[in-house]
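I opened my notebook to look up a few things in this structure.

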Amino acid sequence: MTISLLLFYGISAILLLSGTMVILARQAVHAVLFLILCFFNGAVLFIFLGAELMAFLLMIVYVGAVAVLFLFVVMMLNVQKQGWGKALSRTFPMASLIGIVFFLELGALFFFGTLELPEGEVEKDFLEGLTNSEALGTLLYTKYPLLLEIAGLILLVAMIGAIVLTLRDRGPGSSRRVDTAKQLRRRREDVVELKKITTSEKLS
Amino acid sequence: MIPLSHYLFVSSVLLILGVVGVFLNLRNIILIFMSIELILLAVNINLVAFSYFLKDLTGQIFTLFVLTVAAAEAAIGLAILILYFRNRGTITVEETS
């Protein structure tokens with residue numbers, strides 16, 4: 001029982017426990033915080049596997065953006081504390097049945113299946129001696145550049161979609177847009193009028 | 001040295017938790033979203049574990065793209081959730097009565 005094995009067991013135990021608490025939490029905010037704990041432990045597992053860039057990206061993108069987004073939405077919608085009422089008792093039998101069946105299938109796979117790992121063919125020569133981030137970056141830009149472009153496009157489309165969906169349009173008078181033609185059509189004699197007055201006379 | 005089957009076990013139990021969470025939560029759509037994120041995390045752990053044991057970086061490249069698509073999907077899903085809430089005033093998923 002080496003230290004790394006014990007650490008792995010501890011981290012995965014916390015991961016699975018917080019995963020359980022995500023789906024069983026009474027308050028939505030607790031569930032989001034347990035999800036963040038899951039992501040932390042997932043990042044630690046990634047570091048065990050030598051994938052440091054993925055661990056950092058998990059923290060920055062998943063926890064820093066997606067989980068914070070979840071938290072914003074939960075707090076904005078002001079989800080009331082909902083206990084384990086009749087809704088849960090309605091779905092619990094079927095959900096647990098699905099879980100048990102899934103678990104039994106995977107257990108059967110573990111016990112009766114064999115796993116032979118073939119040796120992966122990768123260009124090990126130009127990836128020698130690089131850190132994980134450098135190696136991933138090299139691979140991304142040389143072997144998979146098209147996927148990078150497509151990922152950027154996906155993010156762009158998602159951003160446009162989210163904005164278009166939630167934009168509240170208050171009608172034509174809402175945005176303070178400048179109508180240049182209307183500005184240029186404005187003439188002095190329409191707007192300004194000179195009135196000649198003597199002193200102590202009121203302007204009507 | 002931690003064998004591959006341990007990582008696969010962790011990842012598969014997390015997947016099961018996520019799937020059960022999708023079916024379990026009628027009261028709150030956000031919990032369904034979070035269960036989907038759990039499923040995606042399980043898949044990521046799986047991919048990175050295989051990438052380590054096969055000594056091939058393709059698994060991590062794929063994980064990068066899964067992360068990207070998950071972020072995009074979370075953004076649009078939450079936008080749809082907000083619209084749903086605007087129209088209905090509540091986020092419980094009621095059964096059709």
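The entries below cover confidence, the interface, one phenylalanine and the salt bridges.

**Ground rules.** I am reading a predicted model, where local features need pLDDT of at least 70, side-chain atom pairs count only at pLDDT 80 or more, and totals for chains, interfaces and linings use all residues. Residues are numbered from 1 along each chain as its sequence is written, chains are lettered from A and ligands numbered from 1 in the order in which they are written, and side-chain values use heavy atoms, with hydrogens and water left out.

**Confidence.** I looked up pLDDT, the predictor's confidence in each residue, from 0 to 100. Chain A has a mean of 83. In that chain, 82% of residues reach 70 or more. I then went helix by helix; helices here are DSSP runs (H or I, at least four residues), numbered from the N terminus. Confidence in chain A is lowest in H4(A), at a mean of 79. It is highest in H2(A), at 93.

**Interface.** I asked how many residues of chain A are in contact with chain B. I found 80 residues of chain A in contact with 69 residues of chain B; contact means heavy atoms within 4.5 Å. The two chains bury about 6800 Å² between them. That is the accessible area (1.4 Å probe) that two parts lose on being put together, summed over both. Of this area, 82% is on carbon and sulfur atoms.

I noted the elements of chain A that give two or more residues to the side touching chain B: H1 (3-24), H2 (28-48), H3 (52-77), H4 (86-112), H5 (132-142) and H6 (145-166). H4(A) gives the most, with 13 residues. By class, this side of chain A has 62 nonpolar, 12 polar and 6 charged residues. Ala, Val, Leu, Ile, Met, Phe, Trp, Tyr, Cys and Pro count as nonpolar, Asp, Glu, Lys and Arg as charged, and the others, Gly among them, as polar.

**Phe9(B).** I picked this residue in helix H1 (residues 4-24) of chain B. Which residues does Phe9(B) contact, leaving aside its neighbours within four places in sequence? I found Phe103(A) and Phe110(A). Phe9(B) has a relative accessible area of 40%, so I logged it as partly exposed. The cut-offs are under 20% for buried, over 50% for exposed and partly exposed in between (1.4 Å probe, protein chains only). I also checked Ala71(B), 62 residues along the chain from Phe9(B); their C-alpha atoms are separated by 25 Å.

**Salt bridges.** Side chains of opposite charge can pair when their charged atoms come close. The rule asks for a side-chain nitrogen of Lys or Arg within 4 Å of a carboxyl oxygen of Asp or Glu. Across the interface of chain A and chain B, the rule finds 0.

Arg187(A) pairs with Glu189(A) at 3.6 Å, N to O. Arg187(A) also pairs with Asp190(A), at 3.4 Å. Arg187(A) is partly exposed at 46%, while Glu189(A) is exposed at 56% and Asp190(A) is exposed at 53%. Lys195(A) and Glu193(A) form a salt bridge at 3.4 Å, N to O. Lys195(A) is partly exposed at 48%, and Glu193(A) is exposed at 61%. Shared partners join Arg187(A), Glu189(A) and Asp190(A) into one network of salt bridges.
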